[in-house]
Amino acid sequence: LSDKIQRAFKNLTGKGKISEENIQEALKEIRLALLEADVNFKVVKKFVNEVKAEALGQEVQEGLDPGQHMVKVVHEKLIDILGGRTPEVKLKGTAPHVIMMVGLQGSGKTTSSGKLARMLTEEGYSPYLVPCDVYRPAAIQQLMTVAEQVNVPVFDSTENPKPMEIAKRSMKEARNAGRDVVIIDTAGRLHIDEALMDELKDLKAFLEPSEILFVADAMTGQDAVQSARAFHEALDITGVVLTKMDGDARGGAALSIKKVTERPIKFIGTGEKLDAFERFHPDRMASRILGMGDVLSLIEQVQKKVDQDEAQKLQEKMLKNQFTLEDFGKSLTQIGKMGDLGSLMGLIPGMGRMKDQIDSQAESKQMRRMQAIINSMTADERRNHAILNQSRKIRIAKGSGVTVNEINTMLNQFMQMRKMMGMMSKPGKLGKLTQMFN
Ligand code: GDP
Ligand code: MG
């Protein structure tokens, strides 16, 4: 799509404004591409109108041509509609918390129940799996097999013919065993069916679930949207799991389901294996729908240009050994902005898992504390760390909510960094090191 939009803008060069005339062709391409990606036509219409209203009259961002600028507007809008940030699972009230998995037969409920149990285990929860699909004995067996594979205890439903009975007993079991999340794998039908909906409503009333996740097969496109609406009307779902995203589905269903239910997509299934399960990232999905890569990274580069200029200045200072705490604070901010690195890596096939292994949370927490310390200093202190005596440190500690010890640690790190920079700036062997950073 991004190629096409840019081609539509080929005749326009340089800077300029987005205007009624130069936008028509691009909007047509956007409309087609979204329909191609399986987005509901009503959603497409609304979306295109909104993009138009937003883009019209905008100044084209410096460094971009109008086509690229349009891609940016469309991409941001998509992210916005898809929910902005990655949503969390909400576990309310006292444990055991209940998560109900609902959806049509074959959508991936049983598989996703197992995958979710596996993910929650990794995050330190102790889940409990409960098969509630009593109409197909094979379904109970299926969940029991999955449970064994992910090493999560499962309620034995084989002796209980009624879902409500299973619900009651399994909750008791979960409580006795000290499990904190109960995942209920419910029955599905091939089509929406009143009796099933009533059963699910009863279960909901009894279980008071924290989450009701509607499981949708992304490959079924518009059908998934219709059933999402029906399930949402009956049960007031809290979120969506979009399965089979490893297929050809371009994710348009995600956009439509989000629009129709106004509930976030929380997870995606990306394969039959039980570890093929991820939190939903609106930005990645938006890129997938647009089917772009290069353009986005170019746009990002342009946006980072300003930051780069800043970084350049810092580097020069480092080399001249004029680096102050003030500069240190700025460089922390710069590093903070690179936090997006993780999500970028996720876009590269095979890199998603590696990203999960980086303990970025601990790192950024540490950086935030350093930043807080520097923020609590006076301008003089930032420019000349030598004046930081004990009484100043005590004042800063109070202001930033850390201990004097932590301030000393940070100062040590800062001074070591300074020392290293000083060495690098000297001619000779170490001087070459600096080239690596250019
Ligand atoms: P249920 O009837 O809703 O419980 O659906 P199942 O969990 O039994 O899944 C139906 C089929 O879809 C099974 O063959 C699963 O292996 C397959 N499946 C589920 N999720 C995914 C996924 O994310 N990707 C792929 N490729 N297959 C999936
Ligand atoms: Mg099932």
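The model is a predicted one, in which local features need pLDDT of at least 70 and side-chain atom pairs count only at pLDDT 80 or more, while totals for chains, interfaces and linings use all residues. Residues are numbered from 1 along each chain as its sequence is written, and chains are lettered from A and ligands numbered from 1 in the order in which they are written.

Helices (H or I, at least four residues) and strands (E, at least two) are DSSP runs, numbered from the N terminus. Seen this way, 7 strands form an open sheet with mixed pairing, in the order β2-β3-β1-β4-β5-β6-β7; two strands pair if DSSP finds at least two bridges between them. β2 (127-131) and β7 (277-279) stand at the edges with a single partner strand each, so one side of each has no neighbour in the sheet. On average, neighbouring strands are turned by 25° against each other, direction ignored. Within the sheet, strand β1 (residues 97-102) and strand β4 (residues 211-217) run parallel and are joined by 4 bridges. M100 stands opposite I212 in β4.

Helices also pack on this sheet. α8 touches β1, β3 (181-185) and β4, and its direction makes about 170° with that of β1. Helix α9 (residues 222-235) lies across β1, β4 and β5 (239-243), running at about 165° to β4. Contact here means that the C-beta atoms of two residues, placed from the backbone, lie within 7 Å. Axes are lines fitted to C-alpha atoms, for helices over the stretch in contact, and angles run from 0 to 180 degrees between N-to-C directions.

Next come the pairs of helices. Two packed helices are described by the angle between their axes and the distance between the axes. Helix α5 (residues 109-122) packs with helix α6 (residues 137-150) at an angle of about 25°, their axes being 9 Å apart. α5 and α6 are therefore roughly parallel to each other; angles under 35 degrees count as roughly parallel, over 145 as roughly antiparallel, 65 to 115 as roughly perpendicular and the rest as oblique. On the α5 side, T110, T111, S113, G114, A117 and R118 take part, meeting A139, Q142, L143, V146, A147, Q149 and V150 in α6. This contact holds 6 nonpolar, 6 polar and 1 charged residues, where Ala, Val, Leu, Ile, Met, Phe, Trp, Tyr, Cys and Pro count as nonpolar, Asp, Glu, Lys and Arg as charged, and the others, Gly among them, as polar.

Helix α7 (residues 163-176) and helix α8 (residues 194-207) have axes that come within 10 Å and cross at roughly 20°. That makes α7 roughly parallel to α8. P163, M164 and A167 in α7 meet E199, D202, L203, F206 and L207 in α8. By class, this contact has 6 nonpolar, no polar and 2 charged residues.

Helix α4 (residues 66-82) and helix α11 (residues 282-290) pack at about 130°, with axes 8 Å apart. α4 is thus oblique to α11. V74, H75, L78, I79 and L82 of α4 make the contact with P282, D283, M285, A286, I289 and L290 of α11. The residues involved divide into 9 nonpolar, 1 polar and 1 charged.

The surroundings of ligand 1 come next. The shell contains 18 residues, the closest being G108, K109, T110, T111 and G269; a residue is near a molecule or strand if its C-beta atom, placed from the backbone, lies within 6 Å of it. α5 gives the most to this shell, with 3 residues. By class, the shell has 2 nonpolar, 12 polar and 4 charged residues.

Finally, two backbone details deserve a look. Most residues other than glycine have a negative phi, and most peptide bonds are trans. A cis peptide bond joins A95 and P96, with omega about -5°, and P96 is found in the loop between α4 and β1. N151, in the loop between α6 and α7, has a positive phi of about 60° although N151 is not a glycine.
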